[in-house]
Amino acid sequence: MRYSAWSLLRGALSGHRHWEPAWADVTRRSNYDVIIVGGGGHGLAAAYYLAKNHGVTNVAVLERGWIGGGNTGRNTTIVRSNYLFPESARLYDFSLKLYEGLSQELNFNIMLSQRALVMLAHSRHDLDSMSRWANAMRMNGIAAELVTAGEVGAMAPALDLSPNARLPVLGGFVQRRAGTARHDAVAWGYARAASALGVHIIQNCEVRGFTLESGKIAGVDTSLGPIRADRVAIAAAGHSSVLAKLAGFRLPVTSYALQAMVSEPIKPILDTVVLSPGTGAYVSQSDKGEIVMGAMLDLFPSYAQRGSFAVKQAIITAVLALFPSFSRLQLLRQWAGIVDVVHDSSPIIGPTPVAGLYINCGWGTGGFKAIPVGGWTFAHVLATGKSHALAEPFQLQRFIDGRLIDEAAASGIAH
Ligand SMILES: Cc1cc2nc3c(=O)[nH]c(=O)nc-3n(C[C@H](O)[C@H](O)[C@H](O)COP(=O)(O)OP(=O)(O)OC[C@H]3O[C@@H](n4cnc5c(N)ncnc54)[C@H](O)[C@@H]3O)c2cc1C
């Protein structure tokens, strides 16, 4: 069923009784061509592009909870492509371009809002590093603008720009094509489109082990029983190293809690994304009106999806220093997700030491923006056995060759 103004009208006239489930409730097969472990954005996008770009439709996505219930449904929804190195710029800008056409492609409104992202400079040092950053982006063919404090104020009038502000704003830099998208819609849109092409989406199915035959992958053991496949793909974000351990190899990944919070909803006050790299805080306003506040990582590895009080306190302090009027808001919700941080802050997309087993992980604090390209390039290697050109620099092999892509400066904090 295609969604359109006409189908909405038809729904309204018929008491909304004709809507079909967005993805099919399937009876699981005993054998698939490809099994994808993890029903987050990356796993679902990979399933969709496997079917759409490569015609591989005998695919199952196995999700231990509900789809999008991991980091995909927990993030602060910021999309951007302001990275430093050419390899990352190519990867993330391809993703942003896919996002720009995704609602039409999936026939599902992902509510992309390119409301711009402004990074705040609180010191001369910040200004210097931002001009280097913006120049690097321009060299990579991605528009970026350095802006004055006055221009920042015009974009976010609620910011405290007074001379004696606790966090002075000297200027900043802007990516106008950056913004936000509805995170659940990205997961649901890919799930619906993949399901329509024949992909099986199986929820409440935890992968507990891998079946190997003659050193090659032959399937997975799950909470619902064994399922066979000669290609298995891991897209499990914060739990990638747990799954790698089950398969018998190690990843250069550390897992941390990353938290976010929202205020009660208020009328529109902020129509851009504001990020303060110096404090680790970033702020936007959701379509529902909540002020969405993101934080830096907890400073210790953990699988507890809580987020520490110290980080919460630091972020709220920074947000209130930047936007004093927000001190009157009530905090509505706080949550965390477990993110997988690679030592060079860049992702891993490609084969593993186990033949037939592939991995997409290491997106750390910033993989929501990369869901389209993560899925696109992962599907390519799963279908062809060869890495996509965009993903070639992001192989696990780089930790053996020493060809790291250190994006800590551009992705060191969340968003
Ligand atoms: C608070 C927070 C804010 C963030 N903000 C942003 C942002 O603004 N912009 C941005 O670009 N990124 C952001 N991120 C990062 C982004 O959310 C992630 O990088 C991205 O969602 C990763 O997607 P994924 O599909 O790889 O992982 P997930 O969405 O976590 O999906 C992995 C899935 O694997 C499942 N799984 C795990 N183990 C198993 C198993 N054994 N068997 C079966 N299933 C399993 C999990 O249940 C989960 O659903 C943020 C993250 C957090 C936590």
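1. Helices (H or I, at least four residues) and strands (E, at least two) are DSSP runs numbered from the N terminus. Please keep in mind that this is a predicted model, where local features need pLDDT of at least 70, side-chain atom pairs count only at pLDDT 80 or more, and totals for chains, interfaces and linings use all residues. Residues are numbered from 1 along each chain as its sequence is written, and side-chain values use heavy atoms, leaving out hydrogens and water.

2. Now look at helix 8 itself, residues 240-247: Ser240, Ser241, Leu243, Ala244 and Ala247 are buried (under 20% relative accessible area, 1.4 Å probe, protein chains only). Viewed down the axis, these buried residues fall within an arc of 160 degrees, so they line one face of helix 8; the arc is taken from the directions from the helix axis to the C-beta atoms. Their cover includes strand 1 (31-37), strand 12 (253-265) and strand 18.

3. Strand 18 (residues 357-361) also pairs with strand 17 (residues 348-351), antiparallel over four bridges; pairing requires at least two bridges found by DSSP. Pro351 stands opposite Tyr358 in strand 18. The two strands form a hairpin with five residues between them, and Gly356 in the turn has a positive phi of about 90 degrees.

4. Leu44, Ala45, Ala47, Tyr48 and Tyr49 in helix 2 meet Ala187, Tyr190, Ala191, Ala193 and Ala194 in helix 7, with contact meaning heavy atoms within 4.5 Å.

Methods: Buried < 20%, exposed > 50% of the residue type's maximum accessible area, 1.4 Å probe, protein only.
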